[in-house]
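Please find below a note on the model under review.

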Amino acid sequence: MAEEILLTKDGYAAKVAELDELRTVKRPYIAERLKEAIAYGDLSENSEYDAAKNEQAELEYRIGELESLIKNAKVIQEDTKTDVIRIGHKVKIRKVGSKEAVEYIIVSSSEADPIHGKISNVSPVGAALIDKRVKDKVDVKLPDGAAKYEILSIG
């Protein structure tokens, strides 16, 4: 049996939308590119054909990944109680001794996007924050050492 994959409601919707986009827009586009490349003739020395075939293989691989992910997804019910940090919650934290605060949304590993403020519940910071409360301080082991964070708010 495949492993259950946790997703927030927004994360699930984003994966479904991506799959739909790949099937309805990208697949026909690549099929057209292949058709044009085949029209050029000799496929053994046709770089356009090779590029389109590679792009098609990558596309089909991604479609397969998304189909599997969606099939095995468990959408996390959003917890409206914000006294304890859970997946789906937005948290504001500050490194102890610093004045600068950062905000993150705790998501599953399949939705993580640190550049856009979404950290995984299994990342060092995310795992340390799960089940904690406002004003708690957490110790986090990071690749470049340890850090201590204070939880300022949960939303």
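The numbered points below move from the whole chain to single residues.

1. Basis of the note. This is a predicted model, in which local features need pLDDT of at least 70 and side-chain atom pairs count only at pLDDT 80 or more, while totals for chains, interfaces and linings use all residues. Residues are numbered from 1 along each chain as its sequence is written, and side-chain values use heavy atoms, with hydrogens and water left out.

2. Secondary structure. The chain contains three helices and seven strands. Along the sequence, their order is β-α-α-β-β-β-β-α-β-β. Helices here are DSSP runs of H or I with at least four residues, strands are runs of E with at least two, and both are numbered from the N terminus.

3. Overall dimensions. The radius of gyration of the chain is 21 Å, whereas a compact globule of 155 residues would have a value near 15 Å. This radius is taken over C-alpha atoms, and the globule rule is 2.2 Å times the number of residues to the power 0.38. Along the principal axes, the C-alpha atoms fill a box of roughly 70 × 35 × 25 Å.

4. Burial and surface. Of the 155 residues, 29% count as buried. Buried means under 20% relative accessible area, exposed means over 50%, and partly exposed lies in between (1.4 Å probe, protein chains only). The accessible surface of the chain is about 10,200 Å², and carbon and sulfur atoms account for 51% of this area. Accessible areas come from the Shrake-Rupley method with a 1.4 Å probe, and for residues only the protein chains shown count as cover.

5. Among contacts in the chain with a separation of 6 or more, 50% join residues 24 or more positions apart; contact means heavy atoms within 4.5 Å. The chain carries 25 positive and 29 negative side chains, and the centres of the two sets are 10 Å apart. Lys and Arg count as positive and Asp and Glu as negative, with His and the chain ends not counted. Each charge is placed at NZ of Lys, CZ of Arg, CG of Asp or CD of Glu.

6. The largest nonpolar core. This core has 16 residues, and those with the most contacts inside it are Ile85, Ile93, Ile106, Val125, Leu129 and Tyr149. The elements giving two or more residues to it are β3 (90–95), α3 (124–129), β6 (137–142) and β7 (145–154). With four residues, β7 gives the most. A nonpolar core is a set of buried Ala, Val, Leu, Ile, Met, Phe, Trp, Tyr and Cys residues joined through side-chain atoms within 4.5 Å. Leaving aside neighbours within four places in sequence, Leu129 is in contact with Ile85, Val91, Ile93, Ile106, Val138 and Ile151.

7. Asn46 is placed in the loop between α1 (9–39) and α2 (47–71). Its relative accessible area is 4%, so Asn46 is buried. Not counting residues up to four places away in sequence, Asn46 touches Ala37, Tyr40 and Gly41. Lys81 lies in the loop between β2 (73–75) and β3 and counts as exposed, at 59% relative accessibility. Although Lys81 and Asn46 are 35 residues apart in sequence, their C-alpha atoms are 59 Å apart in space.

8. The loop between α3 and β6. Most residues other than glycine have a negative phi. Asp131, found in this loop, is not a glycine and has a positive phi of about 70 degrees. Lys135, in the loop between α3 and β6, is likewise not a glycine and has a positive phi of about 80 degrees. Asp131 is partly exposed, with a relative accessible area of 46%, whereas Lys135 counts as exposed at 66%.

9. Glu150. Glu150 lies in strand β7 and counts as buried because its relative accessibility is 19%. Leaving out residues up to four places away in sequence, Glu150 touches Lys92, Ile93, Arg94, Val96, Lys135, Asp136 and Lys137.

10. Pro124. Pro124 is found in helix α3 and is partly exposed, with a relative accessible area of 42%. Beyond its neighbours within four places in sequence, Pro124 is in contact with Val140, Lys141 and Leu142. The C-alpha atoms of Pro124 and Asp139, 15 residues apart along the chain, are separated by 9.5 Å.
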